[in-house]
Each structure stands twice: as C-alpha cells, then as structure tokens.
Amino acid sequence: MASTNSITGFTSDFLDDNRDRARELVDSYYNDEFLSSIGDPTDVILSEFPAIAWRELYLGCLPPNKQVYLIYERGEPFGRDRDLIVGLNKQIKDEFKHAKIFTNYLSQFGVDVDLTTHEESEEIIQACRTMVDRDEPHHIAAGFQCSTEIRAAFMVQNLAEYIEQEYPNVANTLMKHVVADEGDHLHVGRQIIERFSSDDETEMMQTITDEKFEKIDAAMAARFEAATN
Ligand SMILES: [Fe+2]
Ligand SMILES: [Fe+2]
C-alpha cells in the first residue's frame, strides 16, 4: 500500500505494489498449466496471437493517443511537457510495432489477421473504452501504463517462456522487441502521474488501479477456470 502523500513517494510504492500484483496475477492464471490446456506451442501461437495483436494496437495505442490530446489541452505540449509528447508517441509507435510482430508471425503460420477488420469481444472493447474514457492524463496512466501494461508485459513473458523450446527465435523476438519496450511505457506513465497529479489525488489513483486489478483478476480467473476444469 502507498505510504506517503507526496506524489513521488506515492508513485514508487504504487509501482512496486502494482508490479507485485501483476506478477502474482499472471503467474496464477497465465502459467504453464493454463497455456498447456490450450495445447502445444503451435496451438498457443495460433490461439493467442490474434487477440494479443488486437490488444497491442487498440488497447496499446488508444490510451496514449488520448493522453497526447489531454496534455495538449491541459499541459504545456511545446514547453515543459515536450518529453511526455515524445514518450507517448514512442509508445504509440512501439505498440503498433508489437501488433505487427504478432500478425507477421501469424502469417508465417498461414493465418492472416487484418487488424482493420479483425473483431474482438464486446468485453475487450469495453475494457479499452474504460481506459480511454477518462478526462485526465494521469488517471489514464494509473489504469493503463502503471497497471494494465505491467500485466500485459508479464503475460507476453510467460507466453515467450512457454514457446521458447520449440520456437526460440519467436520467443527471443517477443522478449527483445515487445517486453523490453514496456519499461519506457511505464516510465512515461510514471512521469505523467508525477507531473499532473496533486497530492490529494493519490487515493483516487489507487482506486482506479484497484478497480482495474479486480476486473482483470476476475476475467483472468474465469478464463483459467474454464480452460483447466
Ligand atoms: Fe505492447
Ligand atoms: Fe506497452
């Protein structure tokens, strides 16, 4: 739990907590038991990559796009906040690259996923909307870069470990060109919170994240139970 009211102290505790929570969640529900219930590494690639590609593009790019807009409106995009504009656009570029990595591998397996027409469930679309539909850049950061994205990075890491023996090059690419980028995304989220949040908003930031983790926990637990029972 966050123990201080100063924003810088808050974000350090907040991110440590969120890392621990995300690690525990992913290791409980997106582990070898779950992945082997889908099948062998080839089955896992064919089953998981289309949805991950969609999430990299839509969940990955829409929130930072909204943050760029909000910083333009509320911040100093041509002055103090130029580093945030640069960081967010790097993130948007990275997330698009991640989506392409997953779709390019799928095409090597004979599956063409066109992200301009690929459809995801209403539940996932709704999760994306709840991340984007906020009016402050630091509120988006709390529910996205500083929580959901940590979870997403650990999921890709566990997936890479599962397929590594059969597909070492794919696993290596996921670690080096997807997971490795996430540190920068977390960093820009942290900078946004530290610059835009006031000390009396720490409780709200915690609530946004708690709600996010509760929803993720329920969805991942349900998927795990359905697959393994
Ligand atoms: Fe990503
Ligand atoms: Fe990311």
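Me: Which helices do the buried residues of α5 pack against?
Reply: The buried residues of α5 pack against α3 (41–74), α6 (137–143) and α7 (148–163). Two residues are in contact if their C-beta atoms, placed from the backbone, lie within 7 Å. Helices are DSSP runs of H or I with at least four residues, strands are runs of E with at least two, and both are numbered from the N terminus.

Me: What should I know about the model and its numbering?
Reply: This is a predicted model, in which local features need pLDDT of at least 70 and side-chain atom pairs count only at pLDDT 80 or more, while totals for chains, interfaces and linings use all residues. Residues are numbered from 1 along each chain as its sequence is written, and chains are lettered from A and ligands numbered from 1 in the order in which they are written.

Me: Back to α5. Which residues are buried?
Reply: In α5 (residues 122–132) they are Ala127, Cys128 and Met131. Buried is 20 or more other C-beta atoms within 10 Å of the residue's own, exposed is 12 or fewer, and partly exposed is in between, with C-beta atoms placed from the backbone.

Me: Why do they count as being on the same side of α5?
Reply: Because they cover an arc of only 100° around the axis. The arc is that of the directions from the helix axis to the C-beta atoms.

Me: And which residues are exposed on the other side of α5?
Reply: Glu122, Gln126 and Arg129.

Me: Different topic. At what angle do α4 and α9 pack?
Reply: Helix α4 (residues 82–108) and α9 pack at about 145°, and their axes are 9 Å apart. Axes are lines fitted to C-alpha atoms, for helices over the stretch in contact, and angles run from 0 to 180 degrees between N-to-C directions.

Me: Which residues make that contact?
Reply: From α4, Leu84, Gly87, Leu88, Lys90 and Gln91; from α9, Asp184, His185, His187, Val188, Gln191 and Ile192.

Me: What about α1 against α9?
Reply: α1 (residues 7–29) packs on α9 (residues 182–196) at about 150°, with axes 9 Å apart. Ile7, Thr8, Thr11 and Leu15 of α1 meet Arg190, Ile193 and Glu194 of α9.

Me: Overall, how many helices and strands?
Reply: The protein chain has 10 helices and 0 strands.

Me: How much of it is buried?
Reply: 37% of the 229 residues.

Me: What box do the C-alpha atoms fill?
Reply: Roughly 50 × 35 × 30 Å, along the principal axes.
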